[in-house]
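Come along and keep the picture in view as you read.

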There are 2 protein chains.
Amino acid sequence: IFVISDSCHPQTIGVIRTRAEGFGIEVVVGKMHSFNWKEVQGQVCGILLQYPTTQGIIEDYENIITEAHHSGAKVIMSCDLLALTMLKPPGEMHADFAVGSSQRFGVPMGYGGPHAAFFATKDEYKRLMPGRIIGVSKDSQGKLAFRMAMQTREQHIRRDKATSNICTAQALLANMSAMYGIYHGPDGLKKIASRIHDIARVFQKAVQDLGYETSSPESFFDTVRVSCRSKEELQSVLKRLEESKINVRVLDEKSICLSFDETHTKTELDLLIRSFAGRDKGSDLQKIVESLPVPSAIQVRTSNFMTHPVFHSYRSEHELLRYMHRLQSKDVSLVHSMIPLGSCTMKLNATSEMIPISWPEFALPHPFAPKEQMKGYWEMFEELSESLVKITKLNKVSLQPNSGAQGEYTGLMVIREYHKSRKEGHRNVCIIPVSAHGTNPASAAMCGMRIVVVGCDEHGNINVKELEEKAEHYKDQLAALMVTYPSTHGVFEDGILDVVEIIHSRGGQVYMDGANMNAQVGICSPGDIGADVCHLNLHKTFCIPHGGGGPGMGPIAVASHLAPFLPSHPVIPPLHVDPKHCLGAVAAAPYGSSSILPISYMYIKMMGDEGLTRATKVAILNANYMAQRLSASYPILYRGKHGRVAHEFIIDLRPLKATSGVTEADVAKRLQDYGFHSPTMSFPVAGTLMVEPTESESKAELDRLCDALLMIREEIRDIENGKMDKEDNPLKNAPHTADVVSSDNWNRSYSRQLAAYPAEWTRTFKLWPSVSRIDDAYGDKNLVCTCPPLESYVEAEQRVA
Amino acid sequence: IFVISDSCHPQTIGVIRTRAEGFGIEVVVGKMHSFNWKEVQGQVCGILLQYPTTQGIIEDYENIITEAHHSGAKVIMSCDLLALTMLKPPGEMHADFAVGSSQRFGVPMGYGGPHAAFFATKDEYKRLMPGRIIGVSKDSQGKLAFRMAMQTREQHIRRDKATSNICTAQALLANMSAMYGIYHGPDGLKKIASRIHDIARVFQKAVQDLGYETSSPESFFDTVRVSCRSKEELQSVLKRLEESKINVRVLDEKSICLSFDETHTKTELDLLIRSFAGRDKGSDLQKIVESLPVPSAIQVRTSNFMTHPVFHSYRSEHELLRYMHRLQSKDVSLVHSMIPLGSCTMKLNATSEMIPISWPEFALPHPFAPKEQMKGYWEMFEELSESLVKITKLNKVSLQPNSGAQGEYTGLMVIREYHKSRKEGHRNVCIIPVSAHGTNPASAAMCGMRIVVVGCDEHGNINVKELEEKAEHYKDQLAALMVTYPSTHGVFEDGILDVVEIIHSRGGQVYMDGANMNAQVGICSPGDIGADVCHLNLHKTFCIPHGGGGPGMGPIAVASHLAPFLPSHPVIPPLHVDPKHCLGAVAAAPYGSSSILPISYMYIKMMGDEGLTRATKVAILNANYMAQRLSASYPILYRGKHGRVAHEFIIDLRPLKATSGVTEADVAKRLQDYGFHSPTMSFPVAGTLMVEPTESESKAELDRLCDALLMIREEIRDIENGKMDKEDNPLKNAPHTADVVSSDNWNRSYSRQLAAYPAEWTRTFKLWPSVSRIDDAYGDKNLVCTCPPLESYVEAEQRVA
Ligand SMILES: Cc1ncc(COP(=O)(O)O)c(C=O)c1O
Ligand SMILES: Cc1ncc(COP(=O)(O)O)c(C=O)c1O
Ligand SMILES: O=C([O-])O
């Protein structure tokens with residue numbers, strides 16, 4: 001049993017209910033202050049408290065937490081990050097986990113997202129954390145370097161025990177919020193928080209003076225509950241608020257709830273209070289301000305936070321700008337060169353597609369703003385859904401899932417509901433090819449499915465015979481097949497129709513992983529191959545930029561028999577949702593990260609049907625062109641029947657390791673010296689690189705990458721021939737930083753110039769790597785973020801500043 | 001006499017009339033086809049033709065040009081750049097000069113600007129060109145490098161013979177237009193042009209079919225003249241156009257003129273034609289398109305253009321983006337470090353100030369759109385003017401001048417009008433201190449003034465005694481004094497009130513150069529010191545970014561007695577203009593570069609009075625802090641009475657040249673190795689550097705620049721001491737590129753690491769110079785742009801591509 005306090009947000013309760021199902025966890029929503037622990041003794045695994053509550057109340061949770069711990073339950077607190085700058089933090093109340101959204105740290109509401117969440121826990125649970133943890137390591141020169149030290153290992157190691165399937169996350173948004181924190185620092189944040197608290201208190205005092213009943217000023221941070229004397233009074237207040245264009249949350253027939261933030265002005269506050277006063281003259285705000293007592297909240301924060309020097313170093317726009325620029329200039333991006341990451345579809349994110357997301361009409365709305373005020377958004381939802389229906393040749397679309405993996409999860413949950421609705425709820429076997437992306441089994445596991453793996457034949461195709469045997473074996477339990485098309489091996493599998501038929505004829509549903517849709521749009525479709533569900537990574541095929549690891553959007557499209565089960569939402573039901581059958585919410589906002597949908601919308605509208613089809617053709621052509629040019633030097637691991645690849649292809653480096661000792665990692669690092677980002681490494685096959693050029697690259701750029709890889713092949717040949725040493729060579733030592741090649745002591749067996757300028761184009765534009773080869777062994781020993789002592793940062797900052 | 005064809009734009013005629021006055025050139029506006037050359041034989045210096053004409057007609061000018069040349073007159077053609085992709089070019093018609101705007105190459109109208117103009121001439125006149133010419137040189141490693149080869153020399157050498165005073169120009173806009181050309185290339189441009197021509201022809205055919213009289217399709221490019229049968233008919237067409245929200249140009253009681261561009265859609269064309277049809281059904285456009293004959297314009301272009309490979313290399317958004325990025329990454333900007341350019345005020349250009357300029361409401365309006373449609377703009381003009389009046393403590397502001405120098409010119413012309421209005425038109429002596437910026441005498445010369453120079457005393461102050469003598473000597477001819485305050489020497493001159501009094505008491509007016517207003521705003525003002533006119537560089541004090549050489553805005557503020565003479569405009573008269581007395585137009589748009597005014601407006605509104613004053617104080621504090629830190633190592637050339645500088649200061653390097661051979665240029669170049677842009681070099685005093693930190697920089701950044709300069713001082717000391725060689729040292733060889741410090745042959749007497757990483761912070765973030773020391777001698781021999789043979793570009797491009 002997992003217990004959720006009834007003072008959590010309804011969307012939080014909704015999402016947890018859905019999520020708990022897959023894991024078979026029972027959810028109870030209750031009043032925590034009067035919770036009867038005796039009754040459920042030993043059965044509660046955890047509880048969720050919201051701090052402050054959904055109605056804005058700062059409750060004292062210490063007793064509850066003690067009780068929960070006594071009963072063996074862990075405690076999660078869902079927190080308002082800004083409130084925590086003033087309030088006693090969850091850790092000091094002995095909560096086990098703190099979670100929440102960092103949206104209010106400088107990220108627009110965006111009608112629901114994207115926003116980054118945060119998740120924090122005690123040291124003792126750190127190894128159970130999902131997601132990725134960045135740790136400190138050093139490079140071959142002993143320089144500080146950061147490196148992924150740990151990631152959701154279930155996806156890679158214990159696939160069927162996965163508790164998380166996150167791949168695309170919210171990196172960009174996390175960075176935005178971090179920059180907000182860096183700019184303001186703890187003192188600035190406290191100042192912002194206390195100004196907001198004061199606005200809320202001024203409002204509370206003013207409406208109290210007008211005779212309304214309110215929450216008491218000691219018990220709230222930014223959110224005030226106001227109760228009217230009668231339904232009629234509330235109605236007339238609401239009418240005046242509407243006239244003043246102010247939205248509030250209605251709690252019940254007599255009460256509403258209002259939140260404040262740092263952007264609110266005196267004029268707005270005045271307008272608001274006048275709506276309560278029901279007359280033109282407002283209150284004398286100045287007088288109220290002067291009469292405000294010193295705040296005496298029950299649980300004031302006394303401890304420090306954000307003590308790292310980075311939160312104390314950049315206090316002006318120029319300083320922050322330059323800090324961001326310094327960070328940015330360590331990255332290689334599409335601004336520099338093509339990024340051939342297979343399976344990632346690093347295509348053009350056109351400026352004209354990006355512009356609308358900063359329009360206030362898209363950026364600012366609250367996710368629960370009345371639908372009538374959001375006509376533009378809803379028109380876009382409708383049109384975008386229609387386009388995606390047309391592209392997939394399926395029947396209906398849900399725009400709720402926030403990533404491909406969340407789409408997988410949603411799609412599988414929809415399949416689960418479908419089976420249940422037909423009284424086949426026992427169907428729980430999910431067949432997944434061995435080459436699948438790690439998110440596939442993780443998603444299946446999160447839906448409570450049992451994973452059955454099928455292998456591939458020597459051409460990289462699904463082993464149809466094995467599939468048929470397993471499908472037959474599990475035919476009574478068969479829930480679904482997850483299949484990627486074209487396959488993760490970069491090939492349009494010939495047998496796909498047979499594969500689908502094998503599953504369908506045994507009562508299973510077919511989930512198509514849409515990561516490779518860039519090879520399908522306009523020329524074939526999930527509908528064509530007979531898939532029942534698929535997700536679309538809008539951040540791949542449909543031009544949302546990857547943001548260094550998110551945001552993304554993973555809408556799903558389903559065939560008509562699955563349409564009734566698409567997800568709903570407890571506050572704002574999405575379009576065409578069937579309230580009788582629907583799955584609950586899979587995300588806190590009805591349309592997920594709504595505010596980035598305009599990017600895909602613009603792309604689809606600007607390209608038109610013809611343009612989309614042409615893009616697919618060019619993407620496939622580009623991949624085949626590159627495969628062809630490279631094939632004399634590197635084996636192309638898999639090809640289709642006619643010797644062609646799809647929109648990406650795998651080059652096999654394993655033979656070279658045997659002859660030269662050079663690994664895929666060496667080639668990937670050496671590409672940095674040539675100014676390129678590496679292709680996808682060792683996915684889906686260890687010891688290989690997977691190249692996806694996309695349609696956005698010119699022939700000149702494709703040739704440049706081919707040239708780089710061919711020149712590297714010659715470097716490898718020199719090792720094979722013994723012309724270069726097996727260890728002391730530019731591949732093993734790659735990448736070469738500017739420090740290294742300009743050092744006063746160079747004792748390598750190859751020249752500085754070969755190290756730094758292996759290709760002519762690097763003379764015109766040289767992209768210097770910022771660190772040398774990273775010490776993986778050292779990094780592995782620092783699995784979780786081990787921060788160096790603060791003093792070393794202070795010194796470093798002083799040197800920079 | 002200068003003759004302007006009456007088929008030029010009215011604003012062009014207006015600006016030339018004003019401009020000609022200062023030079024004492026008589027302007028005649030005439031019909032060129034029937035021009036009586038006999039009457040003025042030998043007296044006409046030049047003529048201006050517009051191509052196509054203001055009403056869009058492509059005239060055959062060849063006979064006129066021949067006639068003009070026979071009469072000894074030069075021919076200028078004002079051209080539409082896009083039309084020239086289809087039409088016989090001016091050069092082939094033997095015109096001497098071609099000029100025009102490059103706005104339509106991808107730059108928004110912006111209610112008048114900013115836009116870049118172009119100016120082209122025959123090889124034989126190249127040395128007479130105003131402005132700056134960039135020539136090809138090479139660096140010390142023999143690498144290709146560009147360098148300013150020639151600039152308006154009058155400002156530096158023949159100050160009082162100046163024909164141009166341009167300093168801040170339109171660099172950014174020129175780059176924007178260049179990128180438009182680079183992206184589309186000649187074929188793309190021709191395609192755009194012919195599409196526009198076709199739209200115009202479809203329109204012309206449709207309204208002709210409706211019974212209207214129009215210009216003939218062979219005679220126009222994009223602009224069609226339409227005549228109605230009666231005044232009433234025109235009125236009803238205009239009414240319908242207004243209802244359709246379409247603005248047109250009204251020529252006379254019965255005719256209007258319409259222009260088309262590549263953004264126009266079929267829907268818009270249809271709406272337009274329906275306004276002429278006076279009914280809901282439009283014409284069958286498809287049918288018209290099909291029936292269009294092949295265009296048979298009188299003068300079709302047959303010659304090639306844009307043959308340079310750069311116009312053929314970047315045909316996709318990624319390619320262009322990367323090209324722009326490669327160019328950008330050669331520059332040091334405020335994103336990297338403070339830019340201490342004295343007299344330039346390189347302060348923060350805050351993002352929030354910049355955002356509004358891309359709003360379509362600011363970016364898109366046509367400069368002559370009806371005023372009623374432009375209420376927001378006019379409100380901003382009014383409020384911004386009021387703020388500037390308040391800041392200057394003068395009486396009225398003109399927002400027309402596009403730069404500081406254009407403000408100087410306008411201010412002096414206003415003074416000239418003032419003297420004329422008092423029957424003192426003979427006053428034409430302008431006194432200018434020797435330390436003045438080159439634009440001051442150039443502006444005075446362009447107003448037909450005689451320049452009298454006064455010297456400075458040993459503290460850098462105006463030699464008041466000399467001033468008084470000269471003022472007394474010229475008292476009957478004295479028109480004005482131009483004075484910079486605080487002075488270009490970075491000091492608040494004590495004697496300023498005396499100086500002003502000396503001029504006023506002799507009937508002269510005082511022009512204050514406002515380049516240094518960043519030291520005044522909120523603490524003193526031109527009004528306080530008794531100035532009669534001043535300009536304000538909005539691109540310095542008021543946050544418009546410099547754009548690498550423009551755009552800028554140079555509004556002038558005047559005392560009340562000068563207010564009646566502020567410039568007007570022939571099409572849209574600016575606010576509060578006195579039609580009886582006003583000067584004509586000084587720029588083609590009534591409010592100059594209107595669309596960048598929101599930047600200054602935002603700055604002033606966001607800062608408020610208090611913020612503005614605080615900024616000035618911090619700017620002065622920062623300069624004094626730096627001067628203090630540096631003074632032990634470098635002499636500060638001038639200080640005020642109390643030992644303080646204003647918002648900038650000069651460090652004197654001449655003594656070091658004597659002891660070490662190191663010049664100001666060596667220090668400037670060496671600063672690049674430290675990651676800094678040089679301070680202003682040798683202005684206003686040769687052999688010095690002038691540092692202006694501005695209020696936007698943190699103490700940490702000021703210290704970093706001080707540290708760099710102090711470390712350089714130690715390097716110089718090593719030369720003085722003989723520890724380093726006089727030639728083979730990091731100063732003489734600066735800047736050091738990455739190629740150089742990583743070369744396989746290093747034979748300098750100092751280390752690579754000292755060359756590249758002289759300061760610790762360069763390890764955290766190294767800004768690599770893109771070229772080594774430039775060969776000035778070689779560059780001087782290539783005074784004007786001598787392009788290398790095209791083949792060498794092709795090779796270079798292939799290498800890059
Ligand atoms: C084949 C495949 N499936 C699923 C995913 C997961 O998508 P997301 O990262 O949007 O969660 C990816 C992501 O890279 C993928 O390549
Ligand atoms: C002292 C001084 N006066 C006048 C000007 C000319 O201003 P603008 O460049 O805007 O034409 C400058 C420009 O730098 C200047 O420094
Ligand atoms: O010329 C100057 O820009 O100062």
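Below are my notes on ligands, strands, cysteines and some backbone details.

**Entry: before starting**

I reminded myself that this is a predicted model.

**Entry: ligand 1**

I began by asking which residues are closest to ligand 1. I found 14 residues surrounding ligand 1, and the closest are Thr168(A), Ser343(A), Gly404(A), Asp513(A) and His539(A).

Then I looked up some of the polar contacts. For Gly404(A), I noted a backbone N or O atom 2.6 Å from an oxygen atom of ligand 1. Asp513(A) uses its side chain: a polar atom there lies 2.5 Å from a nitrogen atom of the ligand. On its own, ligand 1 has 390 Å² of accessible area, and I read that the protein covers 97% of it.

Next I checked which element gives the largest share of the shell. That is helix 11 of chain A, residues 404-421, with three residues. Sorted by class, the shell around ligand 1 holds three nonpolar, eight polar and three charged residues.

**Entry: ligand 2**

I moved on to chain B and ligand 2. Of the 14 residues around ligand 2, those that come nearest are Thr168(B), Ser343(B), Gly404(B), Asp513(B) and Lys540(B).

Thr168(B) places a side-chain N or O atom 2.6 Å from an oxygen atom of ligand 2. Lys540(B) has a side-chain N or O atom at 2.6 Å from a ligand oxygen. For Asn537(B), a polar side-chain atom is 3.0 Å from an oxygen atom of the ligand. The protein covers 97% of the 390 Å² of accessible area that ligand 2 has on its own.

I also asked which helix gives the most to this shell. Helix 11 (residues 404-421) of chain B does, with three residues. My class tally for ligand 2 reads three nonpolar, eight polar and three charged residues.

**Entry: an open sheet in chain A**

I traced a sheet of four strands in chain A, open and antiparallel, in the order 9-10-12-11. Strand 9 (213-214) and strand 11 (249-250) are its edges, each pairing on one side only.

I followed one of the pairings further. Strand 9 and strand 10 (residues 223-227) of chain A are antiparallel and share two bridges. Within that pairing, I found Thr214(A) opposite Val226(A) of strand 10.

**Entry: strand 20 of chain A**

Which way do the side chains of strand 20 point? In this strand, residues 649-652, Phe649(A) and Ile651(A) point one way while Ile650(A) and Asp652(A) point the other way, and all are buried.

I then looked for a partner. Strand 20 runs antiparallel to strand 22 (residues 688-691) of chain A, with four bridges between them. Ile650(A) has Met690(A) as its bridge partner in strand 22.

**Entry: cysteines**

How many disulfides are there over all chains? A search of the whole structure gave me zero.

**Entry: cis peptide bonds**

Gly113(A) to Pro114(A) is cis, with omega near 5 degrees. Pro114(A) sits in the loop between strand 5 (97-101) and strand 6 (117-121) of chain A.

In chain B, a cis bond joins Ala734(B) and Pro735(B), with omega about -5 degrees. I placed Pro735(B) in the loop between helix 19 (699-720) and helix 20 (738-741).

**Entry: positive phi**

Cys543(A) has a phi of about 75 degrees. Cys543(A) belongs to the loop between strand 18 (533-535) and strand 19 (556-558) of chain A.

Lys245(B) has a phi near 60 degrees, and its loop runs between helix 4 (231-243) and strand 11 (249-250) of chain B.

Are these two buried or exposed? Cys543(A) is buried, with a relative accessible area of 1%, whereas Lys245(B) is exposed, at 77%.

Notes
Residues are numbered from 1 along each chain as its sequence is written. Chains are lettered from A and ligands numbered from 1 in the order in which they are written. This is a predicted model: local features need pLDDT of at least 70, side-chain atom pairs count only at pLDDT 80 or more; totals for chains, interfaces and linings use all residues. Side-chain values use heavy atoms; hydrogens and water are left out. A residue is near a molecule or strand if one of its heavy atoms lies within 4 Å of it. A polar contact is a pair of N or O atoms within 3.5 Å; within protein, one must be able to donate a hydrogen and the other to accept it, and residues adjacent in sequence count only if both atoms are side-chain atoms. Accessible areas come from the Shrake-Rupley method with a 1.4 Å probe; for residues, only the protein chains shown count as cover. Ala, Val, Leu, Ile, Met, Phe, Trp, Tyr, Cys and Pro count as nonpolar, Asp, Glu, Lys and Arg as charged, and the others, Gly among them, as polar. Two strands pair if DSSP finds at least two bridges between them. A disulfide is a pair of cysteine sulfur atoms within 2.5 Å. Buried means under 20% relative accessible area, exposed over 50%, partly exposed in between (1.4 Å probe, protein chains only).
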